[in-house]
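Here is a short tour of one protein, written for someone who likes to keep the structure open while reading. Have a look at the chain below, and then we will walk through it together.

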Amino acid sequence: MKYQSQSVAKYYFLAAAALFGIQVLGGLLAGWIYISPNTLSEILPFNVVRMIHTNALIVWLLLGFFGAAYYLVPEEAERELFSPKLAYIQLIILLVGTLGAVGSYLVGIHGGREFLEQPLWVKFGILVAAVIFLVNISLTALAGRKTAITNILLMGLWLLCLLWVFAFINPVNLSLDKMYWWMVVHLWVEATWELVMAAILGFLMLKLTGVDREVVEKWLYVIVALALFSGILGTGHHFYWIGTPGYWQWIGSIFSTLEVIPFFAMMTFAFVMVWKGRKNHPNRAALLWSLGSSTVAFFGAGVWGFLHTLHGVNYYTHGTQITAAHGHLAFYGAYVALNLGMFTYAMPQLLKRAPYNQVLNMASFWLMTGGMAFMTFTLTFAGTIQTHMQRILGEYYMDVQDQLDLFYIMRFGSGVAVVLGALLFLYSMTVVRREVVKPGPAAVPAGE
């Protein structure tokens, strides 16, 4: 850690890690409810469990992004953060909003729009926190050195925050409502978040491999151009069946297909940087998470997204467990693993100790990644059967669900692996490793 104000990131990372634990436990409970639907049905209905699971995911990822910005921008700009106090105020607002949202959900108060269920006052709080962040981080960057990593990160975070304004627009017309809704949800995860991912991945590659900055920056500009070119009009794959004109079926199909390219480019970028750098960095766990993130993102967001993005296929698969398979692997690879990679790199420096419990950390990577991969295959097979029985043969939804019990049991088993991996990661990150001191000859005082 080069600058004192980078320590702000530590508190963002710790808050994100706590919400990460809550998120995976909520997901495990939701997976069990698929097997035993009446579990906690009167105390904690499934829709509330799902809201907590998805909202905790979004909030902790955003906290991770904000923390990453507060860590890397001072280092890239070569100056202290404009105002650490503003950063702490922003964190408090976000945490109060998170607790308020969860409390509201538990008593049945929510907006009813998937992922955007937050009460109106919480949405305003998030907007205020976003403005504070943009002011703080932009003034830091503008006053210091300008780099491609900072520029791309700021572009992604500015667009991310500005797109949040669409969360306040809730038309009565369902088609318009969905169009504005996707302006937040899609343009976050398939456009602006990709820019943030590229910037953080570029920073990690720069630090972990020792490759020249010019090489990293050239790759980043290409990746960003591909992400924006395909991601913006790729929104059209959500417009197929919501009452919009038929030309969206072709626009959505074509540009959604192209969305595979930036994820392939990011995976290639990561491996080429490691090959070119050949730097033996002491933090091998951070390198594993970085390579794993880009690889799993390619398969989850790219390959599994492509499987059902063409409108002729999507007509049958839309809203089935195939969508859940794609969503789980894509989020895990592109954003969860990347954030955990950033935590793994930065926390030893923020806590002022050597890379911690790397074996346990890397074991958590393989446990979580293996569990998520098995979950994805399980849900893919379940979705294929569901598509055939429900959409082709026309059987009733609940009758089809009864035929998928075995897949849901296997999905729950994979969820257990993911939770164990997450808990192992949190342990490896927060618990100090006990150093084994080997006995040796007594030290001789100087001068003797």
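Does Thr-378 count as buried or exposed? With a relative accessibility of 4%, Thr-378 counts as buried. Please keep in mind throughout that this is a predicted model.

## Around Thr-378

To find Thr-378, go to helix H13, which spans residues 358–392. Once its neighbours within four places in sequence are set aside, Thr-378 is in contact with Phe-407, Met-410 and Arg-411. The burial of Thr-378 can be read from its 4% relative accessibility, because buried means under 20% relative accessible area.

## The overall picture

Stepping back to the whole chain, the protein has 15 helices and zero strands. Its radius of gyration is 22 Å, close to the 22 Å that the globule rule gives for 448 residues, so the protein is as compact as a globular protein of that length. Along the principal axes, the C-alpha atoms fill a box of roughly 90 × 45 × 45 Å.

Of the 448 residues, 55% are buried.

## A buried tryptophan

At 0% relative accessibility, Trp-193 counts as buried. What surrounds Trp-193, leaving aside its neighbours within four places in sequence? Trp-193 is in contact with Leu-61, Leu-62, Phe-65, Leu-160, Trp-188, Phe-331 and Tyr-335.

Trp-193 and Gly-156 are 37 residues apart in sequence, yet their C-alpha atoms are 6.3 Å apart in space.

## Charges and salt bridges

Now for the charged side chains. The protein has 24 positive and 20 negative ones, and the centres of the two sets lie 11 Å apart. How many salt bridges does the protein have? The count comes to five, and three of these pairs are described here, starting with Glu-114 and Arg-50.

The side chains of Glu-114 and Arg-50 form a salt bridge with an N to O distance of 2.5 Å. This pair links distant parts of the chain, 64 residues apart: Glu-114 is in the loop between helix H3 (84–106) and helix H4 (120–142), while Arg-50 is in helix H2 (residues 46–77). Glu-114 is partly exposed at 28% relative accessibility, and Arg-50 is partly exposed too, with a relative accessible area of 33%.

A second salt bridge brings together the side chains of Arg-213 and Glu-76, at 2.7 Å from N to O. Arg-213 lies in helix H7 (residues 213–233) and Glu-76 in helix H2, so the pair ties together parts that are 137 residues apart in sequence.

Glu-78 takes part in a salt bridge with Arg-145, where the N to O distance is 3.7 Å. Glu-78 sits in the loop between H2 and H3, and Arg-145 in the loop between H4 and helix H5 (148–163), so this pair ties together parts that are 67 residues apart in sequence. Both ends are partly exposed: Glu-78 has 48% relative accessibility, and Arg-145 has 30%.

The backbone of Glu-78 deserves a look as well. Its phi is near 60°, a positive value in a residue other than glycine. Leu-40 is another non-glycine residue with a positive phi, about 55°. Leu-40 lies in the loop between helix H1 (8–35) and H2, and it is partly exposed, with a relative accessible area of 38%.

Methods: Residues are numbered from 1 along each chain as its sequence is written. This is a predicted model: local features need pLDDT of at least 70, side-chain atom pairs count only at pLDDT 80 or more; totals for chains, interfaces and linings use all residues. Side-chain values use heavy atoms; hydrogens and water are left out. Helices (H or I, at least four residues) and strands (E, at least two) are DSSP runs, numbered from the N terminus. The radius of gyration is taken over C-alpha atoms; the globule rule is 2.2 Å times the number of residues to the power 0.38. Buried means under 20% relative accessible area, exposed over 50%, partly exposed in between (1.4 Å probe, protein chains only). Lys and Arg count as positive and Asp and Glu as negative; His and the chain ends are not counted. The place of a charge is taken as NZ of Lys, CZ of Arg, CG of Asp or CD of Glu. A salt bridge is a side-chain nitrogen of Lys or Arg within 4 Å of a carboxyl oxygen of Asp or Glu. Contact means heavy atoms within 4.5 Å.
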